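Here is a short tour of one protein structure.

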Amino acid sequence: MGRPERSLRSHGSLRIQCALLLSLLGFVPLSDSLTCLDGSMVKFGSNLTKEAVDWVEKLTVSSDAFMVMCQETMMLIDVGEQSVLLWSKSLTKLSSEIKKAQVFSSGPGIVAASYAHFCSTENCNKATSTKVLLDSLSLAASSKLGTTKCPVCLHFKGSCDPKSNLALCPVNTKCYASSMGISGGSLSIFLNIFGCLDSSRNVLFNNQTSIGVMNVREILEVQSSNSLSHVLVPGTLLTWTLGLSALLSPLYAGISPLC
């Protein structure tokens, strides 16, 4: 009868040692079971950089795994006439606790920002509005228009026509065009983004290949006299190569079902 007791003590000691090690590494020890809000959404609209979007998710998911956390990730892109919001809530593998908003481009022209929250208590991924992101977004003041004309569009599942919807860009901006694959957090979509971007910038997401739980693949489109050619952003080359088959999978045929 003594052997099982020693085994249980050994198992408990191992878990304590593991928790202490994770704590020393900056991770937060978690209980054996964790429940998180679980869902995803894609929303197209206008003025999403100025007007908060509400979303109350009631579905939950639980896990008995030792090293898991709750997460919520938001991505917001706006080209002036149209915006797109991506929002995911779910369980994720253990990470350090984080609550971080990033502004990649604040305009004039294209606006791109994100919000990521990783936490370790019951249903802690509970933001109900994009206000948590917009509060960190300080839009650049509008500037006078220059003389450069660029196509401005944001399409889900489709291509932007470089010869249509031309608009004068603000001074100190230039034409930007990309195809962008975004996957993770129960989302898998492909976007075409055309607009005006600060002249000092060439890429939209600073060569970042992940935002929260979402993987980002940015392919610049360079316009020649007759057609568009594609240029992989250097920071995404390996990720794109490894993820190409996933990007071309049937999941990219439409919006992933809301979970």
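A disulfide is a pair of cysteine sulfur atoms within 2.5 Å. The model shown here is predicted, and it holds five such links.

**The disulfides**

Start with C36 and C70. Their sulfur atoms lie 2.0 Å apart, and the two residues form a disulfide. The torsion about their S-S bond is about -85 degrees, so this disulfide is left-handed. The pair links distant parts of the chain. C36 sits in strand β1, residues 34-37, while C70 belongs to strand β4. The two cysteines are 34 residues apart. Both C36 and C70 are buried.

Next come C150 and C175, another disulfide, with 1.8 Å between the sulfur atoms. The angle about the S-S bond is -90 degrees, and the link of C150 and C175 is left-handed. C150 lies in strand β8 (residues 145-151) and C175 in strand β11 (residues 173-184), so the bond ties together parts that are 25 residues apart in sequence. How does burial compare at the two ends? A residue counts as buried under 20% relative accessible area and as exposed over 50%, with partly exposed in between. C150 has 0% relative accessibility, so C150 is buried. C175 has 41%, so C175 counts as partly exposed.

A disulfide also joins C169 to C196, with 1.8 Å from S to S. Here the S-S angle is -70 degrees, and the link of C169 and C196 is left-handed. C169 is in strand β10 and C196 in strand β12 (residues 187-198), so this pair ties together parts that are 27 residues apart in sequence. C169 is buried, with a relative accessible area of 0%. C196 is buried as well, at 7%.

| Disulfide | S to S distance |
|---|---|
| C36 and C70 | 2.0 Å |
| C150 and C175 | 1.8 Å |
| C169 and C196 | 1.8 Å |

How are the bonded cysteines paired when numbered in sequence order? The pattern along the protein chain is 1-2, 3-4, 5-9, 6-7, 8-10.

**The sheet**

Strands of a sheet pair through backbone hydrogen bonds, either parallel or antiparallel. In this model, five strands make an open sheet in the order β2-β5-β4-β7-β6. Their pairing is antiparallel. Strands β2 (39-45) and β6 (98-106) stand at the edges. Each has a single partner strand, so one side of each is left without a neighbour in the sheet. From one strand to the next, the twist averages 10 degrees.

Look now at β4 and β7. Strand β4 covers residues 68-78, and strand β7 covers residues 111-119. The two run antiparallel, joined by nine bridges. Which residue of β7 is the bridge partner of M74? The partner is Y115. Strand β4 also carries C70, the cysteine linked to C36 in β1.

**The pocket**

Rolling a probe the size of a water molecule over the atoms shows where empty space is left. The largest pocket holds about 520 Å³ of space. Its lining has 23 residues. D78, G80, P108, G109 and S142 lie nearest the centre of the pocket.

What kinds of residues make up the lining of the largest pocket? There are 12 nonpolar, eight polar and three charged residues. Strand β10, residues 166-170, gives the most to this lining, with four residues.

How values were computed:
Residues numbered from 1 in each chain as written. Predicted model: local features only at pLDDT ≥ 70, side-chain atom pairs only at ≥ 80, totals over all residues. Heavy atoms only, no water. 1 Å grid on protein atoms, 1.4 Å probe; cavity = no way out; pocket = protein on both sides within 12 Å on 5 of 7 lines; lining within 4 Å. Points joined across faces, edges and corners; volume = space filled by probe spheres on them. Nonpolar A, V, L, I, M, F, W, Y, C, P; charged D, E, K, R; others polar. Pairing = 2+ DSSP bridges. Axes fitted to C-alpha atoms, helices over the stretch in contact; angles between N-to-C directions. Buried < 20%, exposed > 50% of the residue type's maximum accessible area, 1.4 Å probe, protein only.
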